[in-house]
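Here is a brisk report on one protein chain.

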Amino acid sequence: MHKILIFFLSLFCFINGAFAYDLVLPKEKKTYVSTNYVFFVGKAKKHEHITINDESVYVAPNGAFAHTIKLKNGENRIFFRTNYNTHVYKVYKMPKPDPTKPVLEEFSPYRVIVNKDNTPLRNTPIDYGMNRISHLFEGTNLIVNGQKGDFYRVKLSKKEEGWISKSSVTKSDEGSFDPKYRTMKSETFKNCSVHTLEFSEKLPYTIEETGNEIFFKVYNPFLKEDSVYTVNIRKPEKYYYKTISSNGVYVFKVNELPYCDNNTLEGLTITVDAGHGGSEYGAVGCLGDNEKDINLSIANELKDILRQMGACVVMTRECDGFISLDDRVKMAKDNCSDIFVSIHLNSIPDIKFDVHKNRGTSVYYYNPNSKNLAKYVEESVTSAICTKKEGIKTASFAVIRPTDYLGILVENAYMTNPMDTMIYKSENFPRNTARGIAEGILNYVNSDK
Ligand SMILES: [Zn+2]
């Protein structure tokens with residue numbers, strides 16, 4: 001009798017304890033964070049009512065739930081209650097040290113040399129994504145005349161300056177330095193134009209865009225008089241461009257997107273990038289699934305649809321495995337891709353975030369020439385999978401930053417939004433999402449014909 005009682009007691013505890021809910025976040029009952037919020041994300045048992053600190057938590061029909069708690073400094077005791085259980089979570093918010101504000105120090109100008117290719121030149125002395133004004137080549141000669149925090153101030157011309165991280169340049173010991181301008185020329189071909197500016201040494205350059213023009217500028221700050229060499233280029237309707245430098249020769253090539261017959265993508269090369277992979281799981285959803293797997297299933301469907309539409313498709317991965325961001329970009333460039341589509345699902349940032357309002361599809365771009373592609377893809381994906389339009393946004397993601405192709409990153413749905421879990425867990429989600437992305441690309445390519 002005693003044993004039977006213990007058995008039923010254990011069974012009761014087991015059912016009400018282990019199966020009441022599966023919590024994806026937080027992972028431990030006691031955690032130390034420096035974030036402003038803690039997120040409770042998981043799956044509840046059927047008919048389970050959940051409260052967190054006495055606030056009722058919405059549970060989607062498939063059991064998915066998500067909730068945020070704002071943290072105060074120090075210990076936060078959070079009471080997580082289900083029908084029969086109360087669990088206490090202790091989250092300790094560690095205060096962030098107050099960053100000391102760097103001050104500008106000016107000094108006599110001297111020459112530095114850029115250590116490696118693709119070094120960002122920024123318009124402010126902070127490491128923030130969207131403040132890049134150029135990506136400099138290894139061996140570029142610069143004049144620095146001030147410093148602020150981890151950055152040197154770079155003199156470009158009398159009116160223009162930039163900022164470069166101290167660790168990405170080396171001081172030059174050589175004395176006199178006198179780079180010379182040699183020549184400038186432009187050639188126009190069927191689908192591209194090529195512009196060449198030649199100097200005796202490697203110098204800094206920037207690219208600016210207005211409504212209908214691109215300005216390719218090379219600066220010679222080593223001259224006393226104003227020394228900006230500018231090529232004005234008419235902007236094609238749909239274009240991307242690349243800059244190549246060998247010693248002091250700068251070649252700037254503007255490609256027009258190839259023309260496709262109506263309703264095909266023939267002649268286009270598209271890189272399809274399934275985000276994350278291998279040891280990099282990406283976001284984890286309320287129901288415990290991994291973003292990398294869903295991204296891959298969409299990417300593989302997209303490959304088939306784009307090929308049926310006539311495109312040449314390059315896949316950054318076709319199975320589960322780790323690939324660096326640099327390798328993803330390299331594959332796209334090596335294959336002369338016209339378009340790069342990175343596929344992701346979204347999760348929660350550490351800002352004031354409403355787990356119920358923040359849902360749906362957003363499409364990111366970095367370079368202005370990719371904005372229209374982002375618009376078309378967002379329109380088409382949201383209508384294909386019935387997600388909320390979260391809008392098109394700019395972000396400095398490494399895979400969409402290069403100018404060598406039109407680049408977008410699609411966050412198809414939020415893995416941490418209970419209603420979005422109903423969408424991305426549906427059987428046809430990968431196929432429908434892929435169809436939405438492909439049709440968005442097709443509509444963009446065929447627009448304004
Ligand atoms: Zn992702």
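The C-alpha centres of domain 2 and domain 4 lie 33 Å apart. This is a predicted model: local features need pLDDT of at least 70, side-chain atom pairs count only at pLDDT 80 or more, and totals for chains, interfaces and linings use all residues. Residues are numbered from 1 along each chain as its sequence is written.

The protein chain is divided into four domains, with bounds from an automatic or database domain assignment.

| Domain | Residues |
|---|---|
| domain 1 | 2–93 |
| domain 2 | 105–171 |
| domain 3 | 181–256 |
| domain 4 | 269–446 |

The C-alpha trace spans about 100 × 60 × 35 Å along its principal axes. Of the 449 residues, 39% count as buried (20 or more other C-beta atoms within 10 Å of the residue's own, with C-beta atoms placed from the backbone). Contacts need C-beta atoms, placed from the backbone, within 7 Å. Among those between residues at least 6 apart in sequence, 66% join residues at least 24 apart.

The protein chain has 6 helices and 28 strands. These are DSSP runs numbered from the N terminus: helices are H or I with at least four residues, strands E with at least two.

β18 and β19 (residues 213–219) run antiparallel and are joined by 5 bridges. Glu209 has Ile214 in β19 as its bridge partner.

Technical notes:
Buried ≥ 20, exposed ≤ 12 C-beta atoms within 10 Å, placed from the backbone. Contact = placed C-beta atoms within 7 Å. Pairing = 2+ DSSP bridges.
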